[in-house]
Amino acid sequence: MIAIRPRWVRQLRLASGLTLSTLAAVIAAPAMAETLDLGVTGELASFDTSQISGGIWESQILMDVYEGLVKKSPEGKVLPGMASDWQVSEDGKTWTFSLREDARWSDGEPVTAEDFVFGWRHLLDPANASKYAYMLYPLVNAREVNTGELALEELGVESRDDGRTLVVQLNQSTPYFLQLLTHYTAYPQPQHTFEQYGKEYVDLEHIVTNGAFTPTEWISQSRITTVKNPEYYEADQVALDGVRYHTIEDRNAGVSRFRAGELDIMREYSSSMYPLLKEEIPEATHMATYLGSYYYVFNHRDGHPTADPRVREALNMAVRRDVIADNIMGGTFQKSLSFVPDGIDHYQVQNAAFDDAEGNDITGDLNARMARAKELLEDAGYDQGNPLTLRLRYNTTDEHKKIAVAVSSMWRPLGVEVELVNAEATVHYQTIAEGDFDVARAGWIADYNDAENFLALLRSGVGNNYGAYANEAFDTLYDEAATTLDLDERKAILERAEALAMDDDALIPMLYYVSRNLVDPAISGWEDNIEDDHPSRWVSFEE
């Protein structure tokens, strides 16, 4: 059993090698501000927000070193950030933000509206090929700028009053816009250092940040070290000296390091360890409702067997979600039949549990489902003499492997031969974005609490639409929802769009996430919340 260390034990660890008299003085000394040791499950792609791969570990690091117009409280509420206040026009299309006068980059230069204009143009610049550029598509001309049809200067954002006011023009009223501004795609980037250093502006010898912390060290696949930013407008309220982000893709190794006292927080532990952790260290073991979907992507590109809707439907019908959720994952996930997770604001999820004219039902009697799935594969030209062969890719963790092995075994009675291919997270997502797969594991965690954030991944041409799913009717509904001001009407349109995609077997909905974190009970300022966002700006160690 682990004994959670009090602060003086942390001081002893830091003071190892000192004499007994010196150690006694350390114990007797007043409690010091400390560096937080935080385990994250992947490698940051870049401090350039246009080059982020999409991992939740990247969001954790970036929310600590940068700050947007707004920020989040420990409970996940939206608070003023770089903007001290804002106004919205009656039609909801024009937002005017007043930047706080004490906003500074870590080199002391002021954060201005020009830095937001530059940062957003930089993200949308087609030369940067940002996977997340579509997040800013609510802005006037954003899509056209991102596709190269219009110049960067045509983006609907403007700096006024010598950089103290930012005016944003939207295509239409966007209910989730303020939530969107908490995402790293809406962070500013320092125009003055980019102009001086070009793409090297994010190298450690040049980087400046405007958040509570600023990076000082990056050892690839090991750790990123940050220190408190003395220029941060609330620096006197930041309790930590800094944060060290340890890259730990092996969740079990992360748990061991937490037990050994090397980590104060481990972001995500293996689901298989939950029963033991809950028994042995209940005060440190967190599991909470989370807006996230765990799913398998079908490759819809020509030349892949999963481009055939009969193949997709057969594979979908054979997946036993209850077995995966309850038996394999030990109840640390919830089974899912929808892409949009349960709990999204103002939305009713559209389950893929259907019974169509042919009697297909992905939740009905297993024998009937498997018989129908075999018929569908035979209709598609696959049988014992010509078996369906698939490459199933997943990113390397024990639980992803367990699920992939289980799903493969569920498909085996259909005569499906599966090649399992794994890679670390960054490589995995780069590979499937390039289309090198038949079926691939993916997950999506809400960037903001709105169904649109999930359904956007099924829109034609979107960067994170890994399977290149394209359905004109879906796109039409998605676009219609974007221009619908009445929230109830918008809800109904988005629900029709999801139902259509589920009926089309656009993907395999499999599980809803729950957040799983190990947190030293001596820490305050960390609160479980539905989006699992935890800015270190609020974290401190109790005396």
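Helices (H or I, at least four residues) and strands (E, at least two) are DSSP runs, numbered from the N terminus. The model is predicted: local features need pLDDT of at least 70, side-chain atom pairs count only at pLDDT 80 or more, and totals for chains, interfaces and linings use all residues. Residues are numbered from 1 along each chain as its sequence is written, and side-chain values use heavy atoms, leaving out hydrogens and water.

Stop 1: Select residues 83-88, strand E4, and residues 94-99, strand E5. They pair in the antiparallel sense over five bridges (pairing takes at least two DSSP bridges). Click aspartate 85; its bridge partner in E5 is serine 98. Five residues lie between the strands, and in this hairpin glycine 92 has a positive phi near 75°.

**Stop 2: two helices.** Select H10 (residues 309-318) and H12 (residues 366-379). Their axes are 8 Å apart, at an angle of about 160° (lines fitted to C-alpha atoms over the stretch in contact; angles run from 0 to 180 degrees between N-to-C directions). So H10 is roughly antiparallel to H12 (angles over 145 degrees count as such). Show the contact residues (heavy atoms within 4.5 Å): H10 gives Arg310, Val311, Glu313, Ala314, Met317 and Ala318, while H12 gives Arg369, Met370, Arg372, Ala373, Leu376, Leu377 and Asp379.

**Stop 3: a ring pair.** Go to helix H16, residues 472-482. Phenylalanine 474 and tyrosine 478 both lie here, four residues apart, about one turn of the helix. Aromatic pairs, with ring centres within 6.5 Å, number 23. The rings of phenylalanine 474 and tyrosine 478 have centres 6.5 Å apart and planes at 25°, so this pair is stacked (planes under 30 degrees apart).

How values were computed. Parallel < 35°, antiparallel > 145°, perpendicular 65-115°, else oblique. Phe/Tyr/Trp six-rings, centres within 6.5 Å; stacked < 30°, edge-to-face > 60°.
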